[in-house]
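Let's take a walk through a protein model, one piece at a time. Keep the 3D view open and follow along.

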Amino acid sequence: MSKRTRWLLEAKGCIDMATAKRAPTKKASKSYRTHVRVCVGTGCVSNGALDIKKALEKEVKKQKLDKKVLVVTTSCHGFCERGPMVHVQPDDIFYQKLKVKDIPHLVQEHFLNGRPVKKFMYKPPKSKEALPKMSDIEFFKHQQLIVLRNRGRIDPEQIDEYIAYDGYTALAKTLTTMKPKDVIEEIKASGLRGRGGAGFPTGMKWELCRNATGDVKYIVCNADEGDPGAFMDRSVLESDPHSVLEGMLIGAYAIGASEGFIYVRHEYPLALECINKAIRQASSYGLLGKNILDSGFSFKMHVVQGGGAFVCGEESALLGSIMGRRPEPVQRPPYPVEKGLWGKPTSINNVETWANVPPIISNGAKWFSSIGTKTSKGTKIFALVGKVKNTGLIEVPMGTTLRQIIFDIGGGIMDDKDFKAVQTGGPSGGCIPKKLLDLPVDYEQLTAAGSMMGSGGMIVMDDATCMVDVAKYFLNFLVEESCGKCMSCREGTQRMLEIVTRITEGQGREGDIELLEELAETVRDTSMCGLGQTAANPVLSTLRYFRKEYDLHIKYKRCPAKVCKSMINFYIVPERCTGCQRCVEACPVGAIVGPRSEPHNLDVTKCIRCRACYEICKFNAIEDVVVDAIRIISGVGVEEESEA
Amino acid sequence: MIQMKLNGLDVQVEEGWTVLETCRFYGIEIPTLCYKEHLSPYGACRLCTVEIGEGDSTKLVSSCTYPVSDGLVVRTHTNRVQRARKMLIELHVALCPTSKVIQDLASRMGVTQVRFEPKYEDCVLCGLCVRMCKEQMDGKAIGFVDRGRNRRITSPFDIKSEECRLCGGCIWICPACQTRCHGPNPESVLCNACLMTETTCLDVYDDMQCWMGGKGECGMCVREDTVVKE
Amino acid sequence: MPKLKVEDLAKIKEKTRKMTVLREGAGKAKVTVHMGTCGIASGAREIMSALLDEMKKKDSKDVIVTTSGCAGLCSQEPMATVELKGAAPVKYVELTPEKIREVFNKHVLGGEVVKAYALAVGSERMY
């Protein structure tokens with residue numbers, strides 16, 4: 001367990017954390033007049049907080065204030081964008097974005113002369129207009145919350161609060177007025193489809209499971225959520241675990257299952273804690289166990305923790321993991337609804353799917369199927385992340401366009417850059433380009449565009465993203481996470497990664513793309529499970545829409561997004577360089593030389609393309625230029641010449 | 001008895017059979033590597049891939065693990081299947097060129113190029129040794145460990161196994177150990193010395209006259225670019 | 001806790017709403033600190049500590065402090081929602097321990113919304 005996780009879990013209550021941190025200051029406060037608290041959260045440390053602390057201590061000592069002013073460190077304040085920051089108590093003054101060179105002035109003015117330095121202080125943005133309403137805020141107003149209905153309004157650790165908002169009334173309605181067949185018909189009529197990615201009709205799955213031979217049946221909740229950038233299931237389990245429990249109870253009643261398993265990935269300690277607590281509370285109320293609500297229906301719930309493998313999100317591997325076997329997918333048919341856990345009929349559904357069930361039972365299938373498109377009913381939760389202004393979790397009706405999601409809800413691209421692509425569906429999905437922004441979010445439409453709905457991860461990319469690099473990232477992920485059983489998946493993804501890596505390193509060859517496509521076809525066709533079958537999607541979708549970028553990389557050794565290190569060089573523009581030496585200090589390999597006040601020089605042979613100089617230069621004097629395009633004399637024209 | 005269609009023929013099979021067993025029963029040759037009769041099928045090599053279904057629901061599956069069912073439609077040698085098998089054997093050869101079994105499979109399929117850097121590994125992770133040890137010899141001394149790039153076969157915790165009775169079954173059944181390929185031609189990685197079943201004249205003798213008709217017409221020579229892509 | 005019967009659900013609902021929903025009886029103000037993993041990662045626990053500490057300092061009664069999971073707008077965490085009896089709830093974003101103290105004093109005790117830190121007023125549209 002990492003230190004951070006332990007810190008998160010051990011918090012017995014926030015007061016303890018506060019007093020625990022206060023302890024040294026309380027003791028010391030008797031002798032020190034001022035405490036200077038330096039934030040040393042990860043963000044601030046990488047911004048140089050430790051140097052700030054050293055500088056503070058040095059200056060304080062120099063000014064002979066070391067008996068009056070105590071410099072201490074604190075953990076993250078949360079306002080990481082403003083770091084490095086320092087909080088001065090008891091003056092309650094907040095200094096932000098400090099630099100080492102500011103410290104002597106700060107110490108002298110504030111601690112010696114008693115004049116706090118205004119220019120380093122934080123100033124909140126002022127607004128003169130009346131406060132906007134939630135229903136006006138773009139981020140919130142387009143959303144329709146079904147699964148996230150209790151968002152922000154209940155304490156997930158209090159079952160009574162869930163009940164206060166009509167929690168468990170759907171279960172009561174089911175157990176008292178509906179027969180199992182009625183429940184299945186209702187779910188079928190609603191059009192609910194699996195929210196894990198594949199979109200199999202949930203009602204049909206439950207019916208197949210119910211009709212399978214055997215008296216012992218199981219239900220499983222797949223909370224493995226391995227897609228990078230996806231955190232919908234985690235949020236539901238942390239914020240509203242009872243909605244999942246209620247959904248599973250209703251499903252178990254419909255199918256005839258007496259035991260259920262919630263498989264939570266190992267990397268979600270808070271979600272595990274929340275769901276375990278919820279189960280304990282539900283059990284003590286008799287909502288789990290024998291004879292629930294006096295109906296004669298009994299149900300036992302177990303929580304199983306994953307071991308840290310993405311492949312366990314695949315249903316047959318997940319079942320193998322629960323049974324204590326190696327989590328390797330197995331051939332289907334027979335499908336889990338016929339032969340699942342320990343050979344018994346098992347219905348596996350995603351967290352979001354289960355959480356949709358109570359509202360459907362409460363409000364009816366007709367209501368649910370009135371939302372969404374013809375083939376995709378209801379709402380979907382998306383984790384909107386990446387280069388978009390408003391990152392977060394959104395729930396929108398199916399059929400909302402990508403443009404609405406990214407530009408209305410998301411607020412557009414960060415730093416007002418240009419939109420390039422949006423990656424949906426995680427490593428099994430693909431990239432969708434600008435021209436398809438008006439695509440409505442819908443299972444079939446996304447698949448037809450070469451991507452897929454997946455679990456709902458939506459990664460927005462701007463024009464500083466290299467699509468070949470994106471393909472490389474996802475391929476690398478799949479190479480690490482493939483279970484390795486099938487030659488096609490294991491070797492196929494490794495070989496695809498080899499080729500794409502060569503392309504990003506400027507070693508692309510004629511015929512590479514054709515080989516990639518052939519390889520992708522084989523991997524897609526011959527792999528046993530969904531991981532392998534969709535492993536080629538990142539490559540195929542980027543090839544489909546960004547072929548030109550691949551060609552530029554291979555033929556001209558050029559990366560237009562200026563990402564691939566071997567194809568970019570940094571150049572100091574002499575007219576703009578003031579000789580301030582910032583970049584000289586920042587460069588970790590000493591590639592920049594030049595005396596003060598004179599334009600510096602960058603030695604490209606030493607440069608490791610870390611971008612430190614580019615980030616730090618205030619005068620836009622450093623440009624990342626694309627390496628000279630190879631000029632072709634006759635016939636084919638060359639793309640724009642390298643900017644220099 | 002189950003009724004199904006195999007390469008357009010209506011056939012009857014027992015319940016519980018796999019598609020591979022059915023094909024073999026009816027004399028259709030399907031290449032396999034990780035399949036051995038009397039051991040449970042695993043589906044690691046994917047060479048036994050066949051096409052099932054019709055229209056939109058067509059897909060490729062490994063025939064050694066796929067159970068037969070009423071109304072199943074199977075096609076064993078479509079272009080799509082042959083392309084897939086060729087690419088798979090290319091991957092196998094690139095992984096372990098020193099295995100005669102793999103080289104022979106490549107020759108049989110008429111593979112003329114391996115477009116990947118050979119790795120010269122000793123193990124293709126077919127799992128035959130694991131199943132041999134567990135099912136036939138009841139030793140259960142070795143198994144798969146780790147995943148993806150790091151997947152390998154070893155005894156628990158890499159410690160010499162006390163369960164191992166030194167029967168040698170794992171070595172006997174291993175396609176990489178069985179017979180080493182001692183053939184020439186290390187540059188192209190492919191051997192073709194033992195089973196020269198395909199004439200390669202179109203590759204080597206491009207400007208020589210072939211008396212069997214125009215290039216590619218007689219069907220004797222199979223070259224990558226003459227295979228019709230669907 | 002005893003095993004529930006169907007009728008008990010409605011009783012619990014009523015009782016809890018009286019305690020947690022301001023307009024149905026409980027206290028005079030309610031502050032919800034959003035503590036999903038995103039909130040915690042950006043410092044929600046410190047916000048909570050600061051808030052509880054400020055409450056203790058000012059010896060305030062009749063203020064309900066509670067937590068909830070992620071509020072959705074993860075990029076502007078840590079967030080908190082302040083609701084005064086008779087007024088619509090206000091969502092504050094990008095909080096720090098200092099800001100939450102200011103919000104508590106000015107808004108919860110003083111009744112004046114701190115516009116500089118607030119995002120919006122009102123609630124989300126639940127189905």
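## An open sheet in chain A

In chain A, 4 strands line up as an open sheet in the order β7-β6-β5-β8, with parallel pairing. Strands here are DSSP runs of E with at least two residues, helices are runs of H or I with at least four, and both are numbered from the N terminus. Two strands pair if DSSP finds at least two bridges between them. At the edges sit β7 (300-305) and β8 (346-350) of chain A, each pairing on one side only. From one strand to the next, the twist averages 20°.

A word on the model: it is predicted, so local features need pLDDT of at least 70 and side-chain atom pairs count only at pLDDT 80 or more, while totals for chains, interfaces and linings use all residues. Residues are numbered from 1 along each chain as its sequence is written, and chains are lettered from A and ligands numbered from 1 in the order in which they are written.

Strand β6 (residues 259-264) of chain A and β7(A) pair in the parallel sense over 6 bridges. For instance, V264(A) has Q305(A) in β7(A) as its bridge partner.

Packed on this sheet is helix α13 (residues 269-284) of chain A, which touches β5 (218-223), β6 and β7 of chain A. Its direction makes about 165° with that of β7(A). Axes are lines fitted to C-alpha atoms, for helices over the stretch in contact, and angles run from 0 to 180 degrees between N-to-C directions.

How do α12(A) and α15(A) pack? Helix α12 (residues 241-255) and helix α15 (residues 351-363), both of chain A, meet at about 75°, with axes 7 Å apart. They are therefore roughly perpendicular to each other (that label covers 65 to 115 degrees).

Among the residues making the contact are M248(A) and I250(A) of α12(A), and W354(A) and I361(A) of α15(A). Being in contact takes C-beta atoms, placed from the backbone, within 7 Å.

## Where chain B meets chain A

Between the chains, 25 residues of chain B are in contact with 27 residues of chain A. On the chain B side, β4 (59-62) and α2 (79-95) each supply at least two residues, and α2(B) gives the largest share, 7 residues.

## Chain B overall

Chain B has 6 helices and 7 strands. Of its 230 residues, 32% count as buried, meaning 20 or more other C-beta atoms lie within 10 Å of a residue's own, with C-beta atoms placed from the backbone.

Note on methods: Contact = placed C-beta atoms within 7 Å. Parallel < 35°, antiparallel > 145°, perpendicular 65-115°, else oblique. Buried ≥ 20, exposed ≤ 12 C-beta atoms within 10 Å, placed from the backbone.
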